[in-house]
Number of protein chains: 2
Amino acid sequence: MDRRKFVAATGLAGATGLLSACGNRNGPQVECGNQTTSETFKWKMVTSWPRDFPGLGTGANRLAESINQLSNGRLQIKVYGGNELVPAFEVFDAVKQRTAEMGHSATYYWKGKAPAAQFFAGIPFGMSAQELHGWIYYGGGLELWREVYAPHGIVPFLAGSSGPQMGGWFNREINSVADLKGLKMRIPGLGGEILRRAGGTPTNIPGAELFTALQTGTIDATEWVGPYNDLAFGLFRAAKYYYYPGWHEPGTGLECIINQQAWNTLPEDLQAIVRVACQAAVTDTLSDFTYNNGVALKKLLDEHAVDLRRFPDEVLNHLGEISDNLVREMASEDDLMGRIYASFQAYSDIVRPWSAISDRTLLNLRADPLIR
Amino acid sequence: MDRRKFVAATGLAGATGLLSACGNRNGPQVECGNQTTSETFKWKMVTSWPRDFPGLGTGANRLAESINQLSNGRLQIKVYGGNELVPAFEVFDAVKQRTAEMGHSATYYWKGKAPAAQFFAGIPFGMSAQELHGWIYYGGGLELWREVYAPHGIVPFLAGSSGPQMGGWFNREINSVADLKGLKMRIPGLGGEILRRAGGTPTNIPGAELFTALQTGTIDATEWVGPYNDLAFGLFRAAKYYYYPGWHEPGTGLECIINQQAWNTLPEDLQAIVRVACQAAVTDTLSDFTYNNGVALKKLLDEHAVDLRRFPDEVLNHLGEISDNLVREMASEDDLMGRIYASFQAYSDIVRPWSAISDRTLLNLRADPLIR
């Protein structure tokens, strides 16, 4: 991506004219109090995560803190957990209406409002986190994402990654396609639609309510994120089986969304700070998830004797076929969705052979027979 | 990593006292011209890469440009290609001696000066890029790295990743361990030492000289980076075979190093800008490499009919054993190296099962039979 082009497209180049006036001893002294660089912005960031929730909530906190530090306090962001200022799944509308200037969430929650956005969190059986980032930053993904959100007056940034997610916690064993029939499972986005087409009953409920829903039998199964978050929720106490791999979210991107009018008020250097802090947050959150998923998986296996299972190939193949059909259907819905799908597929065809001879081959060199 | 602790350990907290004086209308007007925030720093960044070289040189350029933008021109960095201001492999000494305030390179080039640093670029048969970043940012890696460079008066940051690297270009076929005997190959760092122990003759020459060395028979083989960079050098024209995977560099971290005294002169917000811009550069460069390695691999196969080969298992197992022994030997050399190895291994034991049930399983779900 050409960053200068991006700044020009979304920024206020003219606002920076005063930036250096204060440092100029020959300039009018009155500029000092009014200079653009010393103006302080106080913004709200609403999130879809429980406050301080590991990886997701804390990732949003660190992003806000980072922007504060980089701007030397000129852009101060107060973070709200899900349901504190607005409900967890109203982050998009809150930013659109400027109830909050900024939001931290995942695009698949907005399938009813901006269905094309789902691609930017990744799709079932799709790209790994690393591959997805290649598309977003270098393959034209971010430009398409901006096009999807523009009619809503929202500017999107990739601002995190949970990495690959797990297949979920189950109180019913899945040994065949037939076992998916009637399965009441919390699974949002495309994964949920695929389950519906396979005969299940997908629901989406906020993370904070999952444990009770699973324990009381309101749902038979739930996916959430991975060991790190699942351990924190104690989901292993409410379910018999833990399935892997998570076919539906191979490398989920998180988003930071900003109200376009609020964005336009920022001087160019603060815009650059937000943009780069979001990009740093991608490495930060993915590192957090990678490290802590490892730590939590070990605890789940060693201390809580969690029963790891594997979806049979028959089930994965069935879900994979439904997924391919679903995504192709989406692509035919409108021009923009068609262009996103075409871009996504063209990149996917290019990156998969590379991943196959690099990361996949390297990971397969390892002798971890227990899990292989 | 606790960022506040890091800033406190390496920063100059006292220098920020004046930061907000200019914006305060009641403060003395004279502060405006002298405020810490308007002081401009002009730094040199020396690199080990040919100027503007894809991914490596351009990654360094983008990092410098990003710091310039975020700081609104208060920290201006001029980038020098390898051999422009100092030779490509004297970046470490140049930063140590403050010939340049900043350098962009890879730790394994300094095996003669700071051998323990090699771990932070990753080790043969070791962690993927994503796993390595987890260790550096969350597993204590960065703190150990700072300890390695502190006696040299250098502050390190992870500032990029090439992702997994390829096994190299060969004019001799490798069908057995015996074929490694006498092999003259450009391969730096630990990979080179492993080849030496396997009977080969490793050399390290700068990238710009590789094509000629391979074409004239000065060397039998060379690794460089991956399709993206190898295509740019035209290495396919000088060699018969292209081997994969690159056992020796499974996810190479790049570094930004800063002279400690120069670092100490920066106000706290500029230090934060450097730190976060470096972290963003990790996402940026890995995305660049992932996207463009895919594009270049397709060209190498479709347009240049490159002959891809695979090292036999016998060869990989042999190199793997030598590697394990070498790394254990290194660990016994001194206390710090021992602690780094212990940290690296402990994390590796934790993260590998996680990668196995997540990324590895997901990548193996894909049906790319040609390459699998």
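1. Two strands count as paired if DSSP finds at least two bridges between them, and helices (H or I, at least four residues) and strands (E, at least two) are DSSP runs, numbered from the N terminus. In chain B, 6 strands form an open sheet of mixed pairing, in the order 7-6-8-5-9-11. Its edge strands, each of which pairs on one side only, are strand 7 and strand 11 (307–310) of chain B.

2. This is a predicted model, in which local features need pLDDT of at least 70 and side-chain atom pairs count only at pLDDT 80 or more, while totals for chains, interfaces and linings use all residues. Residues are numbered from 1 along each chain as its sequence is written, and chains are lettered from A and ligands numbered from 1 in the order in which they are written.

3. Within the sheet, strand 6 and strand 8 (residues 221–222) of chain B pair in the parallel sense over 2 bridges, and Met185(B) has Ala221(B), in strand 8, as its bridge partner.

4. Helix 7 (residues 189–197) of chain B is largely enclosed by the rest of the structure, because 7 of its 9 residues are buried (20 or more other C-beta atoms within 10 Å of a residue's own, C-beta atoms being placed from the backbone). These buried residues, among them Leu190(B) and Ile194(B), pack against strand 6 (184–186), strand 7 (201–203) and helix 12 (313–331) of chain B. After the helix comes Gly199(B), with a positive phi near 105°.

5. Between the chains, 68 residues of chain A are in contact with 69 residues of chain B (C-beta atoms, placed from the backbone, within 7 Å). Helix 11 of chain A supplies the largest share of chain A's side, 20 residues.

Methods:
Buried ≥ 20, exposed ≤ 12 C-beta atoms within 10 Å, placed from the backbone. Contact = placed C-beta atoms within 7 Å.
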